[in-house]
Amino acid sequence: MRKRQVVLRRTEEASAASSFTVVRYGECQKNHAAAVGGYAVDGCREFMASNGEEGTTAALTCAACGCHRNFHRREVETVCECFSPSSNGA
């Protein structure tokens with residue numbers, strides 16, 4: 001079973017529209033060979049949160065590769081739900 005960490009943020013404005021920001025973390029981009037002047041990644045395809053409590057540093061560590069969440073590619077998607085006022089045939 002794969003774990004995924006998805007962060008949802010909801011913003012509401014004065015109008016009847018609301019938007020959701022979905023943040024996902026993709027493949028690991030940590031360069032493990034930077035110390036020797038090379039380039040090598042570990043092949044981790046997706047961030048999977050460790051078994052730590054939400055909000056702790058353990059939850060920010062990838063269970064697959066052991067890297068911090070910041071080394072994984074961040075994918076941000078904003079979904080806007082716009083509602084038009086209903087017209088009642090005035």
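The model is predicted, with local features requiring pLDDT of at least 70 and side-chain atom pairs pLDDT 80 or more, while totals for chains, interfaces and linings use all residues. Residues are numbered from 1 along each chain as its sequence is written, and side-chain values use heavy atoms, without hydrogens and water.

**Exercise 1. Secondary structure**

Task: State how many helices and strands the chain has, and in which sense strand 2 and strand 3 pair.

Solution: 
- Step 1. Helices (H or I, at least four residues) and strands (E, at least two) are taken as DSSP runs, numbered from the N terminus.
- Step 2. The chain has 0 helices and 3 strands. Read from the N terminus, the order of elements is β-β-β.
- Step 3. Two strands pair if DSSP finds at least two bridges between them. Strand 2 and strand 3 are joined by 9 bridges, in the antiparallel sense.
- Step 4. Within this pairing, Val22 lies opposite Glu77 of strand 3.

**Exercise 2. Burial**

Task: Find what percentage of the chain is buried, and how many residues of strand 2 are buried.

Solution: 
- Step 1. Buried means under 20% relative accessible area, exposed over 50%, and partly exposed in between (1.4 Å probe, protein chains only).
- Step 2. The chain has 90 residues, of which 22% count as buried.
- Step 3. Strand 2 is mostly covered, with 8 of its 11 residues buried.

**Exercise 3. The aromatic pair**

Task: Determine which residues form an aromatic pair and how their rings are oriented.

Solution: 
- Step 1. Rings of Phe, Tyr and Trp (its six-membered ring) pair if their centres lie within 6.5 Å; planes under 30 degrees apart count as stacked, over 60 as edge-to-face and the rest as tilted.
- Step 2. Searching the whole structure gives 1 aromatic pair. Its members are Tyr25 and Phe47, with 6.1 Å between centres and 65° between planes, an edge-to-face arrangement.
- Step 3. The pair links distant parts of the chain, 22 residues apart: Tyr25 belongs to strand 2 (residues 18-28), and Phe47 to the loop between strand 2 and strand 3 (72-81).
- Step 4. Tyr25 is buried because its relative accessibility is 10%; Phe47 is buried because its value is 1%.

**Exercise 4. The nonpolar core**

Task: Identify which residues make up the largest nonpolar core, and locate Cys62.

Solution: 
- Step 1. A nonpolar core is a set of buried Ala, Val, Leu, Ile, Met, Phe, Trp, Tyr and Cys residues joined through side-chain atoms within 4.5 Å.
- Step 2. The largest such core has 8 residues: Val23, Tyr25, Cys28, Cys44, Phe47, Ala49, Cys62 and Cys67.
- Step 3. Cys62 is in the loop between strand 2 and strand 3. Cys62 counts as buried because its relative accessibility is 2%.
- Step 4. Cys62 and Phe47 are 15 residues apart along the chain, with 5.6 Å between their C-alpha atoms.

**Exercise 5. Contacts of His72**

Task: Decide whether His72 is buried or exposed, and list which residues His72 touches.

Solution: 
- Step 1. Contact means heavy atoms within 4.5 Å.
- Step 2. His72 is in strand 3. With a relative accessible area of 3%, His72 is therefore buried.
- Step 3. Not counting residues up to four places away in sequence, His72 touches Tyr25, Gly26, Glu27, Cys28, Cys44, Glu46, Phe47, Cys62, Cys65 and Cys67.
- Step 4. With neighbours within four places left aside, the contacts of Cys67 include Cys28, Lys30, Cys62 and His72.
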